[in-house]
Amino acid sequence: ELRDALKSGEALRKRFTVRTVELDLEELQPSKYDPEDVLLVRESVSASQAVFARLLGVAPATVEAWEQGVKPPNRMACRLLDVIRNDPRPWIKLLDRSVKEEPLSV
């Protein structure tokens, strides 16, 4: 029906219900993270920089740069940091499940 209305030049409002939706996208923006914030999120899951980097899918040097203030996390990383900060429990469980203990040899 849409294709036919577009081809005929008919006003879409005559044939369809048209709504305008306004979004306040500022509220949807991820938080900004300074070096201390990144460190606190990492510590909330009890991970080293290397393990945290692996969890996030970034290089360990990236996490190090964030925590030293050399380079701030990008928006996508900030979004993921928000998710982890909001509830670190599933991330802790994920890390716990990935631990493979090997017997000590004496």
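Predicted model: local features only at pLDDT ≥ 70, side-chain atom pairs only at ≥ 80, totals over all residues.
Trainee: Which residue forms a salt bridge with Arg 15?

Mentor: First the idea: side chains of opposite charge can pair when their charged atoms come close. Here a salt bridge is a side-chain nitrogen of Lys or Arg within 4 Å of a carboxyl oxygen of Asp or Glu. The partner of Arg 15 is Glu 10, with the closest N and O atoms 3.3 Å apart. Glu 10 has a relative accessible area of 29%, which means partly exposed.

Trainee: How many salt bridges does this rule give?

Mentor: The count comes to five. One of them joins the side chains of Arg 85 and Asp 82, at 3.3 Å from N to O. Both residues lie in helix α6, three residues apart, about one turn of the helix. Arg 85 is partly exposed at 41%, whereas Asp 82 is buried at 17%.

Trainee: Which parts does the salt bridge between Arg 42 and Glu 67 tie together?

Mentor: Their side chains meet at 2.5 Å, N to O. Arg 42 lies in helix α3 and Glu 67 in helix α5, so the pair ties together parts that are 25 residues apart in sequence. Arg 42 is buried, with a relative accessible area of 12%, and Glu 67 counts as buried at 15%.

Trainee: What else is Arg 42 in contact with, beyond its neighbours within four places in sequence?

Mentor: Contact means heavy atoms within 4.5 Å. Leaving those neighbours aside, the partners of Arg 42 include Ala 47, Phe 52 and Val 63. Phe 52 in turn, apart from its own neighbours within four places, is in contact with residues including Val 45, Leu 81 and Ile 84.

Trainee: Which residues touch the most other members of the largest nonpolar core?

Mentor: A nonpolar core is a set of buried Ala, Val, Leu, Ile, Met, Phe, Trp, Tyr and Cys residues joined through side-chain atoms within 4.5 Å. The largest one has 17 residues, and Val 45, Phe 52, Leu 81 and Ile 84 touch the most other members. Two or more residues of this core come from each of α3, α4 (49–56), α5 (60–68), α6 (75–86) and α7 (89–98).

Trainee: What radius of gyration does the protein have?

Mentor: This value is taken over C-alpha atoms, and the globule rule is 2.2 Å times the number of residues to the power 0.38. The protein has 23 Å, but a compact globule of 106 residues would have a value near 13 Å. Its C-alpha atoms fill a box of roughly 85 × 35 × 20 Å along the principal axes. Buried residues make up 24% of the 106 residues.

Definitions and conventions. Residues numbered from 1 in each chain as written. Heavy atoms only, no water. Buried < 20%, exposed > 50% of the residue type's maximum accessible area, 1.4 Å probe, protein only. Helix = DSSP H or I, 4+ residues; strand = E, 2+ residues; numbered from the N terminus.
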